[in-house]
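Dear colleague,

Please find below the structure I wished to hand over to you. My findings follow it.

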Amino acid sequence: MKSSSRRDFLKTSGAVAAAAVLMPRTGGAAPLDRPIGLQLYSVRNLLPKDFAGTLHQLGEAGYRAVEAAGYFNRTAAEFRHAMDQAGLRCISAHHTLLEFRSRLDELIEFGHTLGLEYLVCSSSGGVHRNPEGKGELTLDDWRYVAGEFNRIGEKLRAAGITFGVHNHIPEFAVENGVTVYDELLRLTEPRYVAFEMDCGWVTAAGHNPVEYLRRSPERFPLMHVKDMTREAGGKFHSVVLGTGVIDYAPILRAATGLKHYFIEQEEFAGDPMSELRADAEYMRKLNV
């Protein structure tokens with residue numbers, strides 16, 4: 001997702017009444033058996049300075065799968081070549097709903113060259129049922145958006161790519177007793193629309209990721225693994241895995257439909273690459 005949109009979510013999260021996922025940190029029987037993935041938004045400030053070098057450092061840190069958030073002025077062929085050279089595979093890419101509506105054929109062609117399995121909607125902002133609509137989406141707007149998800153997802157499925165929906169906090173707004181996220185799950189066609197759960201933002205919105213995963217694990221083949229701390233005023237911050245309030249062992253045990261996960265750290269207290277190495281190590285040692 002574009003950095004301006006992410007910053008907006010970070011700024012507004014403090015105003016949201018949220019509850020942390022506080023669960024016992026107990027191990028399970030076996031380590032997670034999927035490649036360690038990274039959402040490249042985590043290195044958005046490093047890639048423009050040294051694109052190939054940053055990717056190589058990620059490969060050396062143990063990352064094997066990535067999800068794109070912008071292509072940094074590379075063609076699809078250039079982007080894929082850089083991934084191949086670093087020993088990385090780009091599984092998924094983020095785009096806004098506005099981009100999907102205006103550039104769908106272009107995104108499909110780009111995705112085919114990259115070898116993407118998924119194209120994921122990172123933000124639905126600005127898409128209203130009424131073309132003249134402005135501001136925050138209403139429940140009726142979100143219902144219209146669900147229809148757009150189905151339409152786009154059907155076309156992507158025909159092209160051999162799965163369409164996904166990523167969450168932040170707005171998807172957990174409640175109107176007339178209806179939670180937007182629940183409505184999106186209800187109104188979208190599972191054949192055409194998958195969901196990528198960002199466990200950090202689910203937590204910041206006051207919900208428990210495990211509850212959604214247990215209810216319909218097959219809807220969630222993708223996941224963002226992100227830890228959060230909460231300030232006294234209620235604002236959440238992204239931190240190194242294992243140092244915040246989210247325990248991923250029970251979450252991943254409930255994620256029986258999971259195909260790929262991507263670590264995402266949006267903020268850093270120290271050297272970003274050192275902290276991303278610590279994130280990867282956390283996942284290597286995690287038993288679920």
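Helices (H or I, at least four residues) and strands (E, at least two) are taken here as DSSP runs, numbered from the N terminus. On that basis, the protein chain contains ten helices and twelve strands. Please note that this is a predicted model.

As to the chain overall, 56% of its 288 residues count as buried. The exposed surface comes to about 12300 Å², of which carbon and sulfur atoms supply 49%. Where contacts link residues at least 6 apart in sequence, 77% of them join residues at least 24 apart.

Helix α4 (residues 97-114) packs with helix α5 (residues 139-158) at an angle of about 5°, and their axes are 11 Å apart. Because angles under 35 degrees count as roughly parallel, α4 is roughly parallel to α5. On the α4 side, the contact involves Leu97, Phe100, Arg101, Leu104, Asp105 and Ile108; the α5 residues they meet include Tyr144, Val145, Glu148, Phe149 and Arg151. By class, this contact of α4 with α5 has nine nonpolar and five charged residues, and no polar ones.

Leaving aside residues up to four places away in sequence, histidine 237 touches Asp227, Met228, Thr229, Glu231 and Glu267. Its side chain makes polar contacts with the side chains of glutamate 231, at 2.7 Å, and glutamate 267, at 3.0 Å. The C-alpha atom of histidine 237 is separated by 9.4 Å from that of glutamine 265, 28 residues apart along the chain.

With kind regards

Definitions and conventions:
Residues are numbered from 1 along each chain as its sequence is written. This is a predicted model: local features need pLDDT of at least 70, side-chain atom pairs count only at pLDDT 80 or more; totals for chains, interfaces and linings use all residues. Side-chain values use heavy atoms; hydrogens and water are left out. Axes are lines fitted to C-alpha atoms, for helices over the stretch in contact, and angles run from 0 to 180 degrees between N-to-C directions. Angles under 35 degrees count as roughly parallel, over 145 as roughly antiparallel, 65 to 115 as roughly perpendicular and the rest as oblique. Contact means heavy atoms within 4.5 Å. Ala, Val, Leu, Ile, Met, Phe, Trp, Tyr, Cys and Pro count as nonpolar, Asp, Glu, Lys and Arg as charged, and the others, Gly among them, as polar. A polar contact is a pair of N or O atoms within 3.5 Å; within protein, one must be able to donate a hydrogen and the other to accept it, and residues adjacent in sequence count only if both atoms are side-chain atoms. Buried means under 20% relative accessible area, exposed over 50%, partly exposed in between (1.4 Å probe, protein chains only). Accessible areas come from the Shrake-Rupley method with a 1.4 Å probe; for residues, only the protein chains shown count as cover.
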